[in-house]
Amino acid sequence: MKTVLVTGSNGFVGKNLVVTLLQRTDIRVTGFDSDDDPATLPALVREADFIFHLAGVNRPQNLEEFTSGNAGLTQTLISHLVGQGATTPLLISSSIQAAQDNPYGVSKRQAEEAVFAYGKQTGAPVYVYRLPNVFGKWCRPNYNSAVATFCNNIAHDLPIQINDPSVTMNLVYIDDVVTDFMAALDGEPRVADPYCQVHPVHAITLGGIVELIHSFKESRANLIVPDMSAPFTKKLYSTYLSYLPQDNFSYPLKMNVDQRGSFTEFIKTADRGQVSVNISKPGITKGNHWHHTKNEKFLVVSGQGLIRFRAVGGAEVIDYHVSGDKLEVVDIPTGYTHSITNTGASDLVTVMWCNEMFDPEKPDTYFEAVDSKL
């Protein structure tokens, strides 16, 4: 079994990495954080077969903490490795700020240089990642991540501040970071000499990020689900949901109720139509209409029912008996008038998918009884 040491294991990246490492049965995980006793570090280093060095300082109370928390801690870690004659593989999470001459950037660059020197001196594999902005679940809002702050504040109805919405941010998603870190652990890093990289990098303006997050919040009212085919949107939506208040995970839907039962729209999409839930009382028949282009799929999930069809202009009636005891989808072809009847003693619950969102200006719905005798 391989022992893996993660410094900064309780931080944003560290926490996400550790839970992934713990899913591996061939790995034992140890951790070290800023509030741990420094005297425990040499033993942890000695036991490690691989080290993820993620600990660092980015919001110090004074500038000297940049040096001690970034370059200083890295040099201490490496001194333990060298002093023990170890050639343990070492991965460090640096920052694109290391290319800058501000105090934070200088401290991160010094940490990088110490890692490269360790690799050159001992022959140990070293992996230096200059990460851009990282976003995802468990990132601390109102700290050093604009995405975390925007997600948290919008989800909690708190104000946000954008100085320049046209500023473009380069972002990597935490799951992609962890995936590439795990690849390095397994000896397959993504290298662009001398640094390692995380792919993909998403470029988007601050204004674009905020617009997307607002659309996520509004989706509870308009029911329009984001376009999950866009990779960044999919990742940002997952991130946003992780910041929902714990007493606000649920939201109500508008139920259109009458004596026959109810009809409730659940999900809408711009390109994949919408999903609704139809409930019919015993003996009730709904439908008796047909469509030119609109098509649907019916899935009875509870109760007993009968779906009937008749080609427009035809005489033959086609019956499909459906039940929540046997889940099967019934396609509703165009050009067929159709109905659904509750033939059981309890409510008939049907999940209905339509290939387009309902447009009251163009309903494409024409009433005609399936049974021509009606």
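Start by selecting Arg-24 and Asp-186: they form a salt bridge, with the closest N and O atoms 3.1 Å apart. A salt bridge here is a side-chain nitrogen of Lys or Arg within 4 Å of a carboxyl oxygen of Asp or Glu. The pair links distant parts of the chain, 162 residues apart. Arg-24 sits in the loop between α1 (12-21) and β2 (27-32), and Asp-186 in the loop between α6 (174-185) and β8 (191-192). Helices (H or I, at least four residues) and strands (E, at least two) are DSSP runs, numbered from the N terminus.

The model is predicted: local features need pLDDT of at least 70, side-chain atom pairs count only at pLDDT 80 or more, and totals for chains, interfaces and linings use all residues. Residues are numbered from 1 along each chain as its sequence is written, and side-chain values use heavy atoms, with hydrogens and water left out.

The cut-offs: buried is under 20% relative accessible area, exposed is over 50%, and partly exposed lies in between (1.4 Å probe, protein chains only).

Next, select Arg-28 and Glu-47. Their side chains meet in a salt bridge, 3.6 Å from N to O. Arg-28 is in strand β2 and Glu-47 in helix α2 (residues 41-47), 19 residues apart. Both are partly exposed, Arg-28 at 36% and Glu-47 at 40%.

Move to Asp-319 and Arg-308, a salt bridge with an N to O distance of 2.8 Å. Asp-319 lies in strand β17 (residues 317-323) and Arg-308 in strand β16 (residues 304-311), so the bridge ties together parts 11 residues apart in sequence. Asp-319 is partly exposed at 38%, and so is Arg-308 at 24%.

**Two helices**

Select α5 (residues 146-155) and α7 (residues 206-222). They pack at an angle of about 30 degrees, with their axes 10 Å apart. Axes are lines fitted to C-alpha atoms, for helices over the stretch in contact, and angles run from 0 to 180 degrees between N-to-C directions. The two helices are therefore roughly parallel (angles under 35 degrees; over 145 is roughly antiparallel, 65 to 115 roughly perpendicular, the rest oblique).

**Cis prolines**

Go to Asp-193, in the loop between β8 and β9 (195-196). Asp-193 is exposed, with a relative accessible area of 73%. The peptide bond from Asp-193 to Pro-194 is cis, with omega near 5 degrees. Then select His-199 and Pro-200, joined by a cis peptide bond with omega about -5 degrees. Pro-200 is in the loop between β9 and β10 (202-205).

**Positive phi**

Asn-288, in strand β14 (residues 285-290), has phi near 55 degrees, a positive value in a residue other than glycine. Asp-364 has a positive phi as well, near 45 degrees. Find Asp-364 in the loop between β20 (348-354) and β21 (366-367). Asp-364 is buried, with a relative accessible area of 13%.
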